[in-house]
Amino acid sequence: MKHLPILFVLLLSVATSCRNEKAYVEPQLSGLEKYTDSLFKASIDSSMVAGGAVLVHQKGKTLLKKSYGLASLELEVPMPENVSFEIGSVTKQFTAVAILKLVEAGKLSLDDDFTTYMDFDTKGRKITIGHLLNHTSGIVGYTEIEEFGSLVPQDLPRDSLVRIIETKDFLFEPGEALIYNNSAYFFLGLIIEKVTGKSYESYLNEVIFEPLNMRNTYYCSTSQAVKNKVYGYNFSPDGLRQKQYLNHAWPYAAGSLCSTTEDLLIWMDALHNEKVLNKAQYQELVTPKTLNSGVKVNYAMGLTNFMNYGHKEISHGGGIPGFLSDTRYYPEEDLYIICLVNTTGPHGGSFFADHITWNILEKKEYQSIELDFDPEELVGTYSGQTRGGRQSVKIDAVTNGITMQFNGDDKIDTLKTYIGNHTWMDGNTKIKIKDGLSTTNQVYGFYIMKKE
């Protein structure tokens, strides 16, 4: 009889265990989570990416917040929660807001000639701070010049880069076109420091990061050890490789911030609900700009603003050695999508953001109409300035349409979606060919080519 209590305890333990097993329910994954899991699994298994982090938030509710893959391939360290990535050109929206905060404070004007605040020979041109913000200055981008490769690992005064840029020819006259330009945002960082008397990082900490309690957003470093900072890699056909070294003196106000998906949601929610800028300055920030010709482009200030297959999107991506990022806001759906990846390659932040977007929203394809002119009148070769250099394209006529073949490319593209007024849609890009001009209105650029 004295063994009964022990037997009773054992039976009770087994019974309790059985009840617990029956009570446990496998977590039910949402359709969105299953879909995103499959995207990352396929990309990681095929060595397209090392890993990444995603956050999807809509109407006050987080639909998905998850990390995938490895933060370190060498140590086989899984991607932690709240991991920080280099966000590249997503930095530009912070720089643009910092400038507009100075406008609010009456410290400068968007119409000011930027040479009021820094020494630069514009060769007689007036270039405003507004031109810098929307990539319409015509100044050459430093990431596209030959000398930049040798500067990447060096620790030199920032003015040394300014002096190199100053020797280069202008790509176009101010306001004539839009060619994405990291030099402009580099200059904006210098202007912020000149006007405030503080470092770029200190000023952003003061007016943005600390007030919004963004504790995991900071200026990236190539020497400081930061908790939860992920390693970056580059894709190659032979497998993932370590990213090349880049001194963070150079990306600067154009691309040197690090952040997390959680902090970026705090930022985007505050920004787009006018908790960072007043209403007038917010509208200035997100309103697409107009060229001298009257054409409206898709770039605003540090943010793009365009119709993405029927849905208004305010967004910006980023790319820097080892990292690709994408941040999107759909105001009509109150939807935020943030994708950060620690690999440069074909499956970057925009790859995942695109797939997630069209898993949630209905993609509305552009409708084509019949041609209302003879395409033979467009046949010829057109050339002009694009990002990275001059380019030429051969236009040929086919039945009810035209084809395009760029110089040095064996691929021939057929423009199929004609929307009228000598204009086609190629994805979200508008291509207009008329009166000896071919204009390409992309999300991040507006190029002009003339018929030879």
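1. Buried here means under 20% relative accessible area. Asp326, at 7% relative accessibility, therefore counts as buried. Note that the model is predicted.

2. Asp326 has a charged partner in Arg328. Their side chains meet in a salt bridge, with an N to O distance of 3.0 Å. Arg328 is buried too, with a relative accessible area of 4%. The pair also belongs to a network of salt bridges that links Glu313, Asp326, Arg328 and Asp354.

3. The salt-bridge total for the structure is 19. Side chains of opposite charge can pair when their charged atoms come close. Two further pairs deserve a look.

4. Lys229 and Glu86 form a salt bridge through their side chains, at 3.4 Å from N to O. Lys229 sits in the loop between β6 (218-219) and β7 (233-234), while Glu86 is in strand β4 (residues 85-86), so this pair ties together parts that are 143 residues apart in sequence. Glu86 is buried, with a relative accessible area of 5%. Lys229 is partly exposed, at 24% relative accessibility.

5. Lys41 and Asp45 make a salt bridge within a helix. The closest N and O atoms are 2.7 Å apart. Both residues belong to helix α2 (residues 31-45), and because they are 4 residues apart there, about one helical turn separates them. Lys41 is exposed, with a relative accessible area of 52%. Asp45 is exposed as well, at 53%. The cut-off for exposed is over 50%.

Technical notes. Residues numbered from 1 in each chain as written. Predicted model: local features only at pLDDT ≥ 70, side-chain atom pairs only at ≥ 80, totals over all residues. Heavy atoms only, no water. Salt bridge = Lys/Arg side-chain N within 4 Å of Asp/Glu carboxyl O. Helix = DSSP H or I, 4+ residues; strand = E, 2+ residues; numbered from the N terminus. Buried < 20%, exposed > 50% of the residue type's maximum accessible area, 1.4 Å probe, protein only.
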